Number of protein chains: 2
Amino acid sequence: MPEHGGNLDVAVARFGGSAQDWIDLSTGINRQAYPVGDLPMTCWTALPSKSALNALHIAAQKAYRTEAPILATHGAQAAIQLLPQLCSAGNVRILGPTYGEYAAVFSAAGLQVTETSDLDALAGADLAVVVNPNNPDGRRHHPDRLLALLPRVGRLVVDESFADAVPDLSLASQAGRPGLLIIRSFGKFFGLAGLRLGFVIGAEADIVKLAAMAGPWPVSGAAIAIGARALSDRAWANAASARLSRDSLRLDAQVAPLGWSLVGGTPLFRLYETGDARTAQEKLARGKIWSRIFEGRAGWLRLGLPGEETEWARLAAALRAG
Amino acid sequence: MPEHGGNLDVAVARFGGSAQDWIDLSTGINRQAYPVGDLPMTCWTALPSKSALNALHIAAQKAYRTEAPILATHGAQAAIQLLPQLCSAGNVRILGPTYGEYAAVFSAAGLQVTETSDLDALAGADLAVVVNPNNPDGRRHHPDRLLALLPRVGRLVVDESFADAVPDLSLASQAGRPGLLIIRSFGKFFGLAGLRLGFVIGAEADIVKLAAMAGPWPVSGAAIAIGARALSDRAWANAASARLSRDSLRLDAQVAPLGWSLVGGTPLFRLYETGDARTAQEKLARGKIWSRIFEGRAGWLRLGLPGEETEWARLAAALRAG
């Protein structure tokens, strides 16, 4: 399986401490999470009902500004894992470098996978994958360019896991067109990655097939209760978007004195060219701040945003230290 | 998709009230649930770590008395959904009548599925499925008989979703043998079906493949935290087993005056021959108690066990009513 951020086991094994000593900036998960609040006991005890799942789907459609068929999944990851069963033959082209699970999942299913950095080179694929905005480099594609690509591929998967704070980039309003599948992550923007909630939006025929594959209880009772509440809370989302946009620039400014330059990013994470990412990661790790580096990209270091002021202060101290 | 118990939407649509007015006895889910307790905030906010998942796996191995490789899944259902990818060609034989998802999932994957009521007729299958004890009729198979079947099939899936309270029936201690896969449900015995947690236990090669299919975050942070705690609490499990065994006999005694006879059952549910299940279901529904009936079995009514005394009293009143 590909490596991922968010696994503090590695940080603890290499640099000591216990997980709670660390500030995990190795992911793009919002560290000022949506408040979980009280949960009804039935969200634990009862099988999730169809009506509750339906209410979650409606809240997600509103939040993502779409009327197209939608399916909640056990994280965006579970939606990715289902894709090879939807498109079980042919060639897959992935716009890269990007989130490693796409290549891994399609390769494991025996499909031929090619990675290209050229959007136009996706044309002709039986299934093409674009992450927009992209992880880890923040590369963005105007919705019109992706719509122009759609008729030139068998299926176009647009992963919008980091689109919540840049909603104008989203193609969700166009979902329902044959061949277009949009994947959304709940946990990143709302800071609740442990809940495991994601969505796939697409044409009726595809969503019906995916729903059958996901089975009668695709997400937990807690995911339904918290997801429906959070996705309906536009005031929280607007405030979070504004804060994340401000804070991402604050982070850029904070690392600038070290000579790190911004490769790209989203309001949830920043990718810096540091010259020597391994050394930069170790410097931060001495302050128990965990970051993400990338095989084959010696200078790249990805940082999520600190949450509370104490975390910003610890990051500043770690950056200042010798 | 097959019909299932536990969907109060149907009860509400047909007989009125709202979900919280009903006592749901249409499933085999323990209505005296394991106390969820406090959860660390990180179980919501962080991606589940490999070390936490590993701790859950160890707790499950101890609880299920096995040292074989194990994988936590998003409910036993998610384990079932993965099976066709493990065994993608050949003929599937299912010992029935039983839980409808097996036939549905394998048929949807394009496999040839046969149901038989004769255990010996499973021999020769590429994949055979036995639910032990069986749902809905409680039919039981001695572990030795299943072990004798193992070399005569390609793979033997033994679903032990209702085995927690009858542990001597479990084949988990024999897991690890090539071709044997055991499926366990957490939510039924612990009364936490909304959590979505199950396990599959088997030979190293199979579990490695299933883990790759399930992806890096197969279960939620809450499932890991609550699951590890509950599976380690043998005092609770022993008390629950004893109570369920007593209460299942109490239920038999309570319905006996109506002339309903026990077809079979487990400590978590009972299947009665009522003569006319539709009428029996309606009688209970007038007291807002929901039960499960079965297409093609005009007399069968399945009842889970009431939880608190108030629920027993409401059941008694509904049974007495005209």
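A polar contact is a pair of N or O atoms within 3.5 Å; within protein, one atom must be able to donate a hydrogen and the other to accept it, and residues adjacent in sequence count only if both atoms are side-chain atoms. The count between chain A and chain B is 21 residue pairs in polar contact, both at pLDDT 80 or more. The model is predicted: local features need pLDDT of at least 70, side-chain atom pairs count only at pLDDT 80 or more, and totals for chains, interfaces and linings use all residues. Residues are numbered from 1 along each chain as its sequence is written, chains are lettered from A and ligands numbered from 1 in the order in which they are written, and side-chain values use heavy atoms, with hydrogens and water left out.

The interface was examined next. Chain A gives 46 residues to the contact (heavy atoms within 4.5 Å) and chain B gives 46 residues. The size of an interface is often given as the accessible area lost when the parts come together. Here, the buried area is about 3200 Å². This is the accessible area (1.4 Å probe) that two parts lose on being put together, summed over both. Carbon and sulfur atoms give 61% of the area buried between chain A and chain B. In chain A, the most area is lost to chain B by Trp44(A), Leu47(A) and Trp217(A), together 21% of what that side buries.

Helices and strands are DSSP runs, numbered from the N terminus; helices are H or I with at least four residues, strands E with at least two. H7(A) gives the most, with four residues.

In chain B, 10 of the 11 residues of helix H8 (residues 221-231) are buried, so the helix is largely enclosed by the rest of the structure. Buried means under 20% relative accessible area, exposed over 50%, and partly exposed in between (1.4 Å probe, protein chains only). The cover over the buried residues of H8(B) includes H2 of chain A. It also includes H2 (42-45), H3 (50-63), S8 (198-202) and H9 (234-255) of chain B.

Over all chains, the structure holds 20 salt bridges. Asp164(A) and Arg184(A) form one of them (3.5 Å, N to O). Asp164(A) lies in the loop between strands S6 (155-159) and S7 (180-185) of chain A and Arg184(A) in S7, so the pair ties together parts 20 residues apart in sequence. Both residues of this pair, Asp164(A) and Arg184(A), are buried. In chain B, Glu160(B) and Arg184(B) meet in a salt bridge (2.9 Å, N to O). Glu160(B) has a relative accessible area of 0%, and Arg184(B) has 4%.

Asp24(B), in strand S1 (residues 23-24) of chain B, is buried yet has no salt bridge. The nearest side chain of opposite charge (Lys and Arg count as positive, Asp and Glu as negative; His and the chain ends are not counted) is Arg31(B), 5.6 Å away. The side chain of Asp24(B) makes a polar contact with the side chain of Ser26(B) (2.5 Å).

Note on methods: Salt bridge = Lys/Arg side-chain N within 4 Å of Asp/Glu carboxyl O.
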